[in-house]
Structure formats: structure tokens, C-alpha cells
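Hi,

Here is the structure I promised to pass on.

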Amino acid sequence: MAQRSSALAVEAEVNDFNEPVRVNVADGETAVSGVSTEGFGVEGRSHGTGVVGVSEAWLGVYGESTGGFTVDAVRGQGKGQTCGVAGHSEAGIGVYGKGGALAGKFDGTVKVGKTVECQFVEATHGHFTGNVRADNGDFFQGLSAGGGAFSGEVKAKKFTPTGGDYAETFAAGDEFEPGTVLVIGDDGLMAPCDAQYDSRATGVVSGAGGLTPGTVMESNPDSAHHVTLALAGQVYVKADPQYGPIAVGDLLTTSPSEGCAMRVSDRGRAVGAILGKALATLDGEPGLVRMLVTPS
């Protein structure tokens, strides 16, 4: 190893890579400098900490790269159960990111255990166990995620679902396609309707006609099969106009055609069996009708 000098650089050889190491101890100069044209500039190997950078007034460790898109200025790679990069601060910020494109990007599940302060979060999947708040004290102004779970309280001044209805999952005797009209079977499981004005009517399987549910309450039904029923909002329903052509505004109920709705012609018999109100017309062959869910 190179010996310390009061002002001049002393060169030594590193056996593994045959690159010079200069150690300078003059005030204001670099303590350790490693220069390499092909290998590592600086390498530290230890059963303890490989490299330590400590500064009282400036950066402890600095990394700079002028390479391409996939060349990182600083990279940490954890093998086993270790962290790739860990940042800890006693009084400041543990990890800070600022970029011309993205300040941060996570490829995988993101878990936050304490309060998150920002104005917008975009993620493909997230799991939050603590509070999620924006820097103005309110909860996120913008949150975009392909999937996520919040185990704590979530508040919002405005919630805008992207689908067409408000739905909930129920236990079913089988899997049924979207748009199917279901009733409560004798075993308590959801089943397709097969009679007119059936007071056991529960609703329509959400998702037909490309109109996905805006909000789904997961009730975790204890059954081999389950369905998502529209409880409120707009949904496409399978309907059979052979029992009468359907016009806009007609009330819809169960029909003898399995899993299909029909228009209400006898309001007295429809009490307790109304599925909703037609928002479009249907005549001729059975098909899908857009419906506003208004259960009786």
C-alpha cells in the first residue's frame, strides 16, 4: 500500500488490475484518487464496509457518468436479502432524487410504511401501510396506479372512477359472462335468471360492452366462483325483446330467457324484481342494452 506523504503524491501498484493509486494528504487536495482506462477507478473489498466516504462540509460520496442511457452514475446491487441502495439521515432527507425525465422510477411493488409527501404519484403497483398525503396537508392531488392496496384510511376531496358502475363481488355457482342477469339460487349462490318478474333478482354481471366497473367492493366470497354485480351506475345487460320491444326509459326485469332481461309490462308484478331503466332501444334479436341500475 502507498505510504503517506506530506504534500506529494506517492504511486503504488494494485495487483488485481495493475492500475496506479495516488494518495495525497495535502490540505485541500483529494484524499484518494483512482484512475483507470479499462478497470475500476476505485475498488474496496472488505468483510466490513467496502468503501466509506465521509465529509464534514461537502459530499461524502460523489458519482458522475457521461455514458449512455443505461450507464449509471451511482449503482448499488444487493445480492441475497440486502438492499441495493439504502439512505439514512438523522435530520435531513434519506434519499433524494431529481431528474430531467423522472425523479424516481420503481419497477416492482412499492411499499411505504410512513407518510408520503408529494403532489403526484404514478406506479404500476403499490402497497401503502401508512398515510399518503400531499405537501399541502391533503391527500394526493394525483394518484395513478395500475394496481394497489391501502390498509389505512384514504381520503379525497374528489374521486373520479374511470368505469361505468359501482359493483361488489358475490359468491356464485359458476362463472358467468358480463351482462348476465343473476338471481339468488336455492343454495344462496348467484345463478342466471330463468323466470319473469323474479323477486330473487340481484343484478347484472358488470363489464359487458367494454364498460368496466368504476369501483369494486371486494367482499372476498367464500366460494369456488364469484361474480361482480353492478349495484349502481350504468351497465350493459343482456336483454330479450321477444317479450316486448325495449324503448328508452323502460323498466327492465328478469325474463324466462336464461340470464336475460325484458321490459316491464306489468308494474304490479315487477315490485321487488326491477333491475334498472333502459338507456337505449332494442327490438328484434336478443342483445345488449345500456341500462341505469335502479333496483327495487
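Predicted model: local features only at pLDDT ≥ 70, side-chain atom pairs only at ≥ 80, totals over all residues.

**Salt bridges**

How many salt bridges are there? The count comes to three. One of them joins the side chains of lysine 238 and glutamate 177, at 3.0 Å from N to O. Lysine 238 sits in strand S16 (residues 225-239), while glutamate 177 is in the loop between strand S11 (165-172) and strand S12 (181-184), so this pair ties together parts that are 61 residues apart in sequence.

Now find arginine 200. Its side chain meets that of aspartate 186 in a salt bridge of 3.5 Å, N to O. This pair also links distant parts of the chain: aspartate 186 is in the loop between S12 and strand S13 (190-192), and arginine 200 is in the loop between S13 and strand S14 (201-204), 14 residues apart. Arginine 200 forms a salt bridge with aspartate 198 too, and there the closest N and O atoms are 3.1 Å apart. Put together, Asp186, Asp198 and Arg200 make up a network of salt bridges.

Are these three residues buried or exposed? Each one gets its own answer:

- Aspartate 186 is exposed, because its relative accessible area is 81%, and the cut-off for exposed is over 50%.
- Arginine 200 is partly exposed, with a relative accessible area of 33%.
- Aspartate 198 counts as buried, because its relative accessibility is 9%, and buried means under 20%.

**A charged residue without a partner**

Take a look at glutamate 168, which lies in strand S11. Glutamate 168 is buried yet has no salt bridge. Where is the nearest side chain of opposite charge? That is arginine 200, and it is 19 Å away. What is glutamate 168 in contact with, leaving aside its neighbours within four places in sequence? The residues are Met217, Ser219, Val227, Thr228, Leu229 and Leu231.

Seven bridges join S16 to strand S20 (residues 287-293), and the two run antiparallel. If you want a spot to start from, valine 237 has valine 289 in S20 as its bridge partner.

S20 also pairs with strand S19 (residues 274-278): three bridges join them, and they run antiparallel. Here you can look for glycine 276, which stands opposite valine 293 in S20.

One thing to remember as you follow a strand: in a regular strand the side chains alternate between the two faces of the sheet.

**Out on the surface**

Which residues form a nonpolar patch on the surface? They are Trp58, Leu59 and Tyr62, and together they have about 430 Å² of accessible area. Tyrosine 62 lies in the loop between strand S3 (32-34) and strand S4 (110-112). Tyrosine 62 is exposed, because its relative accessible area is 56%.

Valine 85 is also placed in the loop between S3 and S4. With a relative accessible area of 62%, valine 85 is exposed. The C-alpha atoms of valine 85 and valine 74 are separated by 9.6 Å, and these residues are eleven apart along the chain.

Note on methods. Residues numbered from 1 in each chain as written. Heavy atoms only, no water. Patch = residues over 30% accessible without salt bridge, like charges linked within 9 Å, V, L, I, M, F, W, Y side chains within 5 Å. Areas by Shrake-Rupley, 256 points an atom, 1.4 Å probe, with all protein chains shown as cover. Salt bridge = Lys/Arg side-chain N within 4 Å of Asp/Glu carboxyl O. Helix = DSSP H or I, 4+ residues; strand = E, 2+ residues; numbered from the N terminus. Buried < 20%, exposed > 50% of the residue type's maximum accessible area, 1.4 Å probe, protein only. Pairing = 2+ DSSP bridges. Lys, Arg positive; Asp, Glu negative; His and termini not counted. Contact = heavy atoms within 4.5 Å.
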